Amino acid sequence: VNVLVYLIPISILLGGFGLAAFFWTLKTQQYDDPEGDAHRILRDEWDDAPPKD
Amino acid sequence: LAAPISACPACDAAHIAEDTAGKGYRGNGQEAQRIMLSLPTAYCAACIVGVEGSLQQLPGVRSARVNLTLKRATIEADHDVEPQELADFLTSIGYEAYELDTGVLSTTATEKSSRDLLMRMGVAGFGMMNVMLLSVAVWSGATDATRDLFHWVSAAISLPIVAFSGQPFFKSAFTSLRARRLNMDVPISLALILASSISIYETANSGHHAYFDAAIMLTFFLLAGRYLDHRTRAVARSAAEELAALEVPRAHRVLADGKEEVVSVNEIAVGDLVRVVPGARVPVDGMVEEGESEVDRSLLTGESLPVFAGPGEMLSAGEVNLTGPLLIRVAAAGKDTSLHRMADLVAMAETSRNRYTSLADQAAKLYSPLVHVLALSAFLAWLWISAGDVRLSINIAVATLIITCPCALGLAVPAVTTAVSGKMFRQGMLLKSATATERLAQVDHVVFDKTGTLTEGKPRLDNYGDHTPEDLAVALALAQGSSHPLAQAIVNAAQDEGIRAARVSDAKEVPGHGIEAIWSGQTVRLGRAEWLGAKGIDRTATYLKIGKRPAVAFTFTDNLREGAAEAVASLKKQGMKVTLISGDAPAAVQDVAFRLGIEDYRASMLPDDKVAAVEAFRAEGRHVLMVGDGLNDTAALAAAHVSISPATALEATRVVSDIVLLGRSLEPIGGSVALSRSATKRIRENFGISAGYNLIAVPIALVGLATPLAAALAMSLSSITVSLNALRLKGTP
């Protein structure tokens, strides 16, 4: 059972990485144009990140 | 002088290519201006490439970005770039584009609050997953120190998250309590706070049950419902703002030295001189100073016949100048125009909407007191049964509060409205009001306006057969030189029949009166009856006079709008009464009513009469749907139970209507009533499902058998059933 002492913090830390990634996607406006992004990913051309403002 | 040869030409080329592809033109050093264009027909990957690529090649454009969800392009460009030129350029290469007034688009505020909700939901989701994993261990039999440790870890995760993510509910509950009212958020907040506190107490005392998972799950599901609701409204609002932003108000101001400048309507002051070219909408209220023309008032009064305008005549904002240029002395501009005052009046008259209680509010009214009473009586009853065991009694009361499934109730309406507004948007209808579907479902009487709603406001020559080929050839020759709608109708009709224009000379347009020319040595005129000395008839007509011969009349009827016949037929088939109310002359109204098979029609109705008629129907206990586009319909639209206006209507009219038709066709109206009935049925079913879960779960909680596992199961099962039921929404019958 002692394994829990470090397994629980590790699992929360991993979850925290996911949460940080979610914050990053929010901050870089990746939910503003879901339909456009679905199409953009299929293009050949190199694409700039969404505009920051 | 040759450029130095690089050791690695490919590196340079790659470098340059990357520079031009990524950044492109960096601007002329001055501050950039931001231009927004509406792209109604953009829908695919090729459109993104086409629009962005071609815009970036234009001089002065620094960057261009297409948002496919909002169907909009945002462009950064130098200050001397004209938005209209970019729009014209895009339209010319096949991507229909319109300039948007960036001042009207206030997207930032809604985007911010939507992002805020999404963030709270993400945090709650993260916490829920972690706490659930820990709870599974407890449910499957962790005991003693292990269970306590798991409870403490759950508490450490869920307490800050509930405090952070639950803020929208706490705030709303607080404001509602301060106003001495109970809304849905009061029991929700109470359940969250009580569940968290009792769980801490239980954990501290090594209790068996802690409700951290329930509290955080409740937060997550409720935030999901709220986010759906918010998004639906934000999309509708941004589309409605876009319609308003499409009318970029500009005016040609004439300066003292005779020069002209194009300015925004907001800058026009009383006493200025404004030039209105043929085909343009009058931007201000004012008196004609110079020039003669005819104006089209149909949007304001419903009259389909153009009216003469000469020096001394008063014009109102919103009228369309037809034939000659007019110079107008401004009497009122901007917010003071009759157009804006009308909109303000309507906003005040809008009372019937406020009286409507939505299904969600009705349910909340029933639900909130019931839950509180249940929980309190469970507490008191168990206090009595257990002879004063407060801890047990509170535990049971909290279990009751949590298990009554407010999350299914919180999802019941947003899930359906999201589904229905998406469906309606695809059919070309924009839902502006949250309760519009519910009100539309009750409709049993439909009132239509004529000009601009059932008809296109575009005349068609209807007595073609009455004329000799000679008359037609002369009329065609005269009409060809004019952009007047009646002249254009003659040209269209004659060309369809293959008539060749007669040879006329010295043709000149007399603005406000008609066209004059010389044909075979005699004067020929096409125009208003008074100008020709003829006697006018009670129809939309123009007259032709050749030499000394008596004048002949060309009469016109209005073309029916696309889908008008289908919409009326479909509504009648669904058992609804249809009435036509118009401000136009009786003959024209009767003709349209006859063509569409509408038995009940009324002509020459003033705006007040329209309101009175709608009020009379309401007094009979009918639920009226009003469909109209003119300013004269605005008050009636506001008085009706629910209202629809086409996108071509004036902004003041669109503001008061609940639904805006984005396309040209009226046909979606027929199906929309059936769709909204289906949606309302789903909402009721969802409430029924929630009630059904409660019927099973509440007795279990009341007798004290509800565990955190049972609460978690009931909550997720009911939320999923409700969401799935919303997706069963049926389209047109």
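**Entry 1**

I began with strand 1 (residues 33-38) of chain B, which pairs with strand 3 (residues 72-77) of chain B in the antiparallel sense over six bridges. For strands, I take DSSP runs of E with at least two residues, numbered from the N terminus; helices are runs of H or I with at least four residues. Two strands pair if DSSP finds at least two bridges between them. I looked up one bridge here: B:Arg34 has B:Glu76 in strand 3 of chain B as its partner.

Strand 3 of chain B is also joined to strand 2 (residues 61-67) of chain B, by six bridges, and these two run antiparallel. Across from B:Arg65 I found B:Thr74 in strand 3 of chain B. The hairpin of strand 2 and strand 3 of chain B has four residues between the strands, and there B:Lys71 takes a positive phi near 50°.

**Entry 2: ground rules**

I note that this is a predicted model, where local features need pLDDT of at least 70 and side-chain atom pairs count only at pLDDT 80 or more, while totals for chains, interfaces and linings use all residues. Residues are numbered from 1 along each chain as its sequence is written, chains are lettered from A and ligands numbered from 1 in the order in which they are written, and side-chain values use heavy atoms, with hydrogens and water left out.

**Entry 3: the sheet of six strands**

Next I traced an open sheet of six strands in chain B, with the order 6-5-7-13-8-11 and antiparallel pairing. Strand 6 (260-264) and strand 11 (314-315) of chain B stand at the edges with a single partner strand each, so one side of each has no neighbour in the sheet.

Strand 5 (residues 250-254) of chain B is joined to strand 7 (residues 273-276) of chain B by three bridges, running antiparallel. B:Val254 stands opposite B:Leu273, and B:His252 has B:Arg275 as its bridge partner in strand 7 of chain B. Strand 7 of chain B also runs antiparallel to strand 13 (residues 326-332) of chain B, with four bridges joining them. On that side, I see B:Arg275 bridged to B:Leu327 in strand 13 of chain B.

**Entry 4: the sheet of three strands**

I found an open sheet in chain B with three strands in the order 10-9-12, again antiparallel. Strand 10 (307-309) and strand 12 (320-321) of chain B are its edges; each has a single partner strand, so one side of each is left without a neighbour. Three bridges join strand 9 (residues 293-296) of chain B to strand 10 of chain B, and B:Glu294 is partnered there by B:Phe308.

**Entry 5: one helix residue**

I picked B:Thr680, which lies in helix 25 (residues 668-702) of chain B. Is B:Thr680 buried or exposed? B:Thr680 counts as buried, at 8% relative accessibility; buried means under 20% relative accessible area, exposed over 50% and partly exposed in between (1.4 Å probe, protein chains only). Leaving aside neighbours within four places in sequence, B:Thr680 is in contact with B:Leu359, B:Thr437, B:Glu438 and B:Ala441, where contact means heavy atoms within 4.5 Å.

**Entry 6: where the chains meet**

Last, I checked the two chains: 29 residues of chain A are in contact with 28 residues of chain B.
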